[in-house]
Amino acid sequence: MAESEPGGEIARSELRASYDDRDRVVELLRVSAGDGRLTAEELDERLELAMTARTYGELARLVADLPAQGSVASPAVAPQAKEVARIDCRSGHVQRVDRWVVPQRMDVKVTSGHVKLDFTEAVITQPSLKLDIDVRSGHVRLVTKPGIVVDADDVAIRSGHVRVRAPWGSDVPVQLRIEVTGKVGSGHFLAGPRHRTFWEWLTRKPKPYAIAPR
């Protein structure tokens, strides 16, 4: 478990690295080897470590003795998560997509519209999110990825429904646990990975999720 700084925030070096972060470090290592800064043995060793690194700190150590390492493996400014974010959707659509910063808590009220929270590229700075929902009609959808766990056992259901799909397997380290509370009237609460593309469906590629136990 990553250690936290005072106030409960995760230290910058302990933030989880993305595929792009690893790719940038791999490219720097290869360029450095081509410039003669690393031997073939050193390159092989560091490439293996880079491909399995989980945090910014692990990546930063691999390029600490190379030029321009600071811009590759360490974020210039640590993202700050809001304590509370509120969404009140009475009609229409509300989305949180791309690199939005996940707050510590969210209150989502939906009267007749649709709310989509996409976590696939979201900036996650804490291990949990408390999500309180009030869905009278319409729906709330969470788009997840490996390492994100959704717990909706405490949601009260009237005439609507709640469905949670867990992406991939349980062997992926948990990056974010979303604890969902509240109620669903005649609407829907859905959580799971993205839907297959038309090509994936046409080629009968298996769905990348399994129904989570309830």
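Student: Which residues are exposed on the other side of α2?

Tutor: This is a predicted model. On that side of α2, the exposed residues are E41, D44, E45, E48 and T52.

Student: Which residues of α2 are buried?

Tutor: L43, R46, L47 and A50 are the buried residues of α2. Viewed down the axis of α2, they fall within an arc of 110°, so they line one face of the helix. The cover over these buried residues includes α1 and α3 (56–62).

Student: How many residues does α2 have, and what is its reach from first C-alpha to last?

Tutor: Helix α2 spans residues 40–52, which is 13 residues, and reaches 19 Å between those end atoms.

Student: Is S32 buried or exposed?

Tutor: Buried means under 20% relative accessible area. S32 has 2% relative accessibility and therefore counts as buried. S32 belongs to helix α1, residues 19–34. Apart from neighbours within four places in sequence, S32 is in contact with R37, L38 and L66.

Student: How do strands of a sheet pair?

Tutor: They pair through backbone hydrogen bonds, in either a parallel or an antiparallel way. Here an open sheet of five strands runs in the order β1-β3-β5-β9-β7, with parallel pairing. β1 (84–89) and β7 (148–157) are the edge strands, each pairing on one side only. On average, neighbouring strands of this sheet are turned by 15° against each other, direction ignored.

Student: Over how many bridges do β7 and β9 pair?

Tutor: β7 and β9 (residues 176–184) pair over eight bridges, in the parallel sense. The bridge partner of V155 in β9 is G182.

Note on methods:
Residues are numbered from 1 along each chain as its sequence is written. This is a predicted model: local features need pLDDT of at least 70, side-chain atom pairs count only at pLDDT 80 or more; totals for chains, interfaces and linings use all residues. Side-chain values use heavy atoms; hydrogens and water are left out. Helices (H or I, at least four residues) and strands (E, at least two) are DSSP runs, numbered from the N terminus. Buried means under 20% relative accessible area, exposed over 50%, partly exposed in between (1.4 Å probe, protein chains only). Contact means heavy atoms within 4.5 Å. The expected span of a helix is 1.5 Å times one less than its number of residues. The arc is that of the directions from the helix axis to the C-beta atoms. Two strands pair if DSSP finds at least two bridges between them. Axes are lines fitted to C-alpha atoms, for helices over the stretch in contact, and angles run from 0 to 180 degrees between N-to-C directions.
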